[in-house]
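Hi,

Here is the structure I promised to pass on. Have a look at it first, and my notes on what turned up follow below.

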Amino acid sequence: MNNKSIFIKNANQMITLKGSSSTPLTKEKMSELNMIENGAVWIEGDRIDAVGTTEELLAKYKNKLEEAEVIDVTGKIMLPGLVDPHTHLVYAGSREEEFNMRLNGATYMEIMNNGGGIHATTSKTRAASEDRLIEESLVRLDRFLLHGVTTVEAKSGYGLDWETEYKQLRAAKKLDEMHSIDIISTFMGAHAVPADFKEKPDAFIDLIIEEMLPKVAAEGLADFNDIFCERGVFTPEQSRKLLEAGKSYGLIPKIHADEIEPYEGAELAAEVGAISADHLLRASENGIKRMAEAGVIGVLLPGTAFFLMAEAAKGRKMVDQGVAVALSTDCNPGSSPTCSTPFMMNLACMNMGMTPAEVITATTINAAHAINRGNEIGSIEIGKKADLLVLDVPNYMQMQYHYGMNHTDTVIKAGKVVVKGGTIV
């Protein structure tokens with residue numbers, strides 16, 4: 001914890017998203033940024049102590065200014081630290097050869113069914129030591145931090161056996177202790193059907209339920225339980241069985257849904273009370289409606305569609321129909337090898353029809369709610385964790401206008417300056 005008070009002043013625009021801690025934002029609320037011009041924040045320890053105009057806070061803390069670290073952000077904007085609610089952070093190796101295969105006409109599922117895709121990364125991750133996984137993941141975490149991300153969700157799923165799944169989850173726990181970014185873990189033992197269970201996927205689901213879930217819960221290794229519900233991977237029936245079993249161990253359901261084709265994943269998310277349904281490129285009209293009614297957050301991954309050269313999810317329609325939308329990189333070695341949340345925001349505007357205001361909401365407070373942390377992070381409010389991002393642009397519209405660029409100037413994580421002048425300190 002930082003013992004010195006921090007006073008950040010003179011933000012051209014300070015986007016607070018005040019009043020959104022109890023529930024994710026939907027429809028027109030996603031555009032209500034609750035912005036303060038010439039904004040300022042006072043930080044005590046790891047918490048936000050006051051929020052207001054620079055003049056208001058100068059008057060309130062005039063007797064404490066000499067003892068505080070003062071950060072002048074004149075000409076810049078300030079917003080909550082970005083939150084990435086869907087990553088596959090911990091893995092070994094890369095799959096650049098598959099990129100070339102897709103450029104020559106191969107599809108994602110064709111590559112996977114021929115031993116590539118998730119199976120290729122599984123082989124590399126099984127072979128890697130825990131230290132190697134940590135070493136490679138630390139590089140990715142630094143890249144996230146330099147792009148203004150202060151919290152990430154990290155899934156297992158490149159083991160497909162208990163030994164490697166455990167290794168991934170253990171590595172994520174150690175990374176959370178080592179790095180300034182907070183890491184929230186998800187168990188995803190059902191990321192694919194391993195080769196030795198190819199003809200008996202039901203037995204693999206039973207193995208996860210009977211042997212893996214109890215161990216994950218007993219050691220507190222994850223908050224969430226996820227599955228890839230897709231034709232050729234796991235059926236809705238298998239997915240329902242696993243997610244319901246996870247709930248009995250206190251693991252909150254998440255689901256990879258309707259990425260390749262409509263497969264009733266969005267509908268299943270609503271049925272089992274999932275906190276989020278992710279991907280949703282091919283979600284049905286009924287699925288979107290059911291998600292909105294059930295309050296399931298739609299975590300959209302525009303970089304995955306971009307990298308796979310596929311049509312993006314219907315972000316505009318989902319917002320208009322009342323789904324609380326969040327955005328993520330889907331950082332992974334096969335379908336979205338990126339740590340640039342700002343670029344996801346660009347893509348959501350250009351390929352999904354979302355507005356600059358909506359994508360800020362989708363990468364801050366709604367993303368925080370998608371990992372059950374909306375009461376702790378995602379907005380600039382008194383009492384919340386002091387996770388803040390300063391961007392070197394004069395207004396929030398320029399974040400998307402100057403696309404494909406990293407505008408990060410300063411990152412405050414839990415009341416500590418961790419990036420200054422675009423460099424990790």
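UniProt, in an unreviewed entry, places the feature "binding site" at His86, His88, His256 and Asp330. UniProt positions are in the numbering used here, feature names are shortened, and annotations may be inferred rather than shown by experiment. These four are spread over 245 residues of sequence, yet they cluster in space, with a largest C-alpha distance of 12.3 Å. His88, His256 and Asp330 from this set are also part of the lining of the largest cavity.

Before you go further, please note that this is a predicted model: local features need pLDDT of at least 70 and side-chain atom pairs count only at pLDDT 80 or more, while totals for chains, interfaces and linings use all residues. Residues are numbered from 1 along each chain as its sequence is written, and side-chain values use heavy atoms, with hydrogens and water left out.

Back to the site. His86 sits in the loop between strand E6 (82–84) and helix H2 (96–103); helices (H or I, at least four residues) and strands (E, at least two) are DSSP runs, numbered from the N terminus. With a relative accessible area of 0%, His86 is buried (buried means under 20% relative accessible area, exposed over 50%, partly exposed in between, using a 1.4 Å probe and protein chains only). Leaving aside neighbours within four places in sequence, the contacts of His86 (heavy atoms within 4.5 Å) include Glu153, Lys155, His256, Asp278 and Asp330.

Asp330 belongs to the loop between strand E13 (325–327) and helix H13 (341–352). Asp330 is buried too, at 2% relative accessibility. Not counting residues up to four places away in sequence, Asp330 touches His86, His88, His279, Leu301, Thr304, Ser335 and Ser336. The side chains of Asp330 and His88 are joined by a polar contact of 3.5 Å. Such a contact is a pair of N or O atoms within 3.5 Å; within protein, one must be able to donate a hydrogen and the other to accept it, and residues adjacent in sequence count only if both atoms are side-chain atoms.

Now the pockets. On a 1 Å grid over the protein atoms alone, a cavity is a set of points where a 1.4 Å probe fits but cannot get out, and a pocket is an open set with protein on both sides within 12 Å along at least five of seven lines; lining residues have an atom within 4 Å of a point. The largest pocket has a volume of about 380 Å³, where volume is the space filled by probe spheres set on the points, and grid points are joined across faces, edges and corners. Among the 18 residues lining the largest pocket, those closest to its centre are His119, Val193, Pro194, Ala195 and Lys198. Helix H4 (118–127) is one of the elements giving two or more residues to this lining, and H4 gives the most, with 4 residues.

The second largest pocket holds about 240 Å³ of space. Of its 15 lining residues, Tyr91, Ser94, Pro333, Pro337 and Thr338 are closest to the centre. H2 and helix H5 (130–146) each supply at least two residues of that lining.

One backbone detail to finish. Leu17 is not a glycine but has a positive phi of about 55°; Leu17 is buried, at 1% relative accessibility. Lys27 also has a positive phi, near 45°, and is partly exposed, with a relative accessible area of 39%.

Best wishes
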